[in-house]
Amino acid sequence: MRFRNAFALLVLLITAIACSTLTLKPAEYAWPIENALKVDVKGNVIEQRYSFTLNVKPLFFEEFQDSTNYIGKEVRIIRDKAGYYFITAKEFKNVYVFKSIESGMQLENKILISEQRGLTAPAFNQKSPNIELLDNPNKYLLNFKGLMR
């Protein structure tokens, strides 16, 4: 009886190992510096170096409740080491944190920076494992969960 139980456990263990997903670790996703990307007339930003294209019209609508307020604007984007994208722009009151999904991005967190006024000159820096947001003279330390206090 013990032999049967041990054999069944061994078969179950081998099956579980054989069905496991290949995982490559560690992986570093961080972009070393932010990207300041101009929004085109279709609402897209393009970063050739990373083969990165993103439509940001819904982001501007979320921030301003106006889907036409994007043409010629510049968005600031940086990616942390865990793979989250941090996006903001001049006059935004929030930093948006997105995670990659198949064929798109999904909002993970919306971090309120200021209720009174929008950002005047935002810039991101890597402060691994966090992201630093500069908006003279203010500095904010962020991660995908929110502001670090």
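A residue counts as partly exposed when its relative accessible area lies between the 20% under which it is buried and the 50% over which it is exposed. That scale is used at several stops below. The model on screen is a predicted one.

**Whole chain**

Along the principal axes, the C-alpha atoms fill a box of roughly 75 × 35 × 30 Å.

Now switch to a surface. The chain exposes about 9,900 Å², with carbon and sulfur atoms supplying 56% of that area. Of the 149 residues, 35% count as buried. If you display contacts between residues at least 6 apart in sequence, 46% of them join residues at least 24 apart.

**Charges**

Colour the charged side chains next. Side chains of opposite charge can pair when their charged atoms come close. A search of the whole structure finds 7 salt bridges; the stops below include some of them.

**Stop 1: R117 and D135**

Select R117 and D135, which form a salt bridge with their closest N and O atoms 3.7 Å apart. R117 lies in the loop between β7 (104–112) and β8 (123–127), while D135 belongs to strand β9 (residues 130–135), so the pair ties together parts that are 18 residues apart in sequence. At a relative accessible area of 38%, R117 is partly exposed. D135, at 1% relative accessibility, is buried.

**Stop 2: E108 and K99**

Move to E108 and K99. The closest N and O atoms of this salt bridge are 3.6 Å apart. E108 is partly exposed, at 32% relative accessibility, and K99 also counts as partly exposed, at 31%.

**Stop 3: R49 and E47**

Select R49 and E47, another salt bridge, whose closest N and O atoms are 3.8 Å apart. Which of the two is buried, and which exposed? R49 is exposed, with a relative accessible area of 52%, because the cut-off for exposed is over 50%. E47 is buried at 11% relative accessibility.

**Stop 4: E34, E74 and R76**

Finish by selecting E34, E74 and R76 together. These residues are linked in a network of salt bridges.

Note on methods: Residues are numbered from 1 along each chain as its sequence is written. This is a predicted model: local features need pLDDT of at least 70, side-chain atom pairs count only at pLDDT 80 or more; totals for chains, interfaces and linings use all residues. Side-chain values use heavy atoms; hydrogens and water are left out. A salt bridge is a side-chain nitrogen of Lys or Arg within 4 Å of a carboxyl oxygen of Asp or Glu. Buried means under 20% relative accessible area, exposed over 50%, partly exposed in between (1.4 Å probe, protein chains only). Helices (H or I, at least four residues) and strands (E, at least two) are DSSP runs, numbered from the N terminus. Contact means heavy atoms within 4.5 Å. Accessible areas come from the Shrake-Rupley method with a 1.4 Å probe; for residues, only the protein chains shown count as cover.
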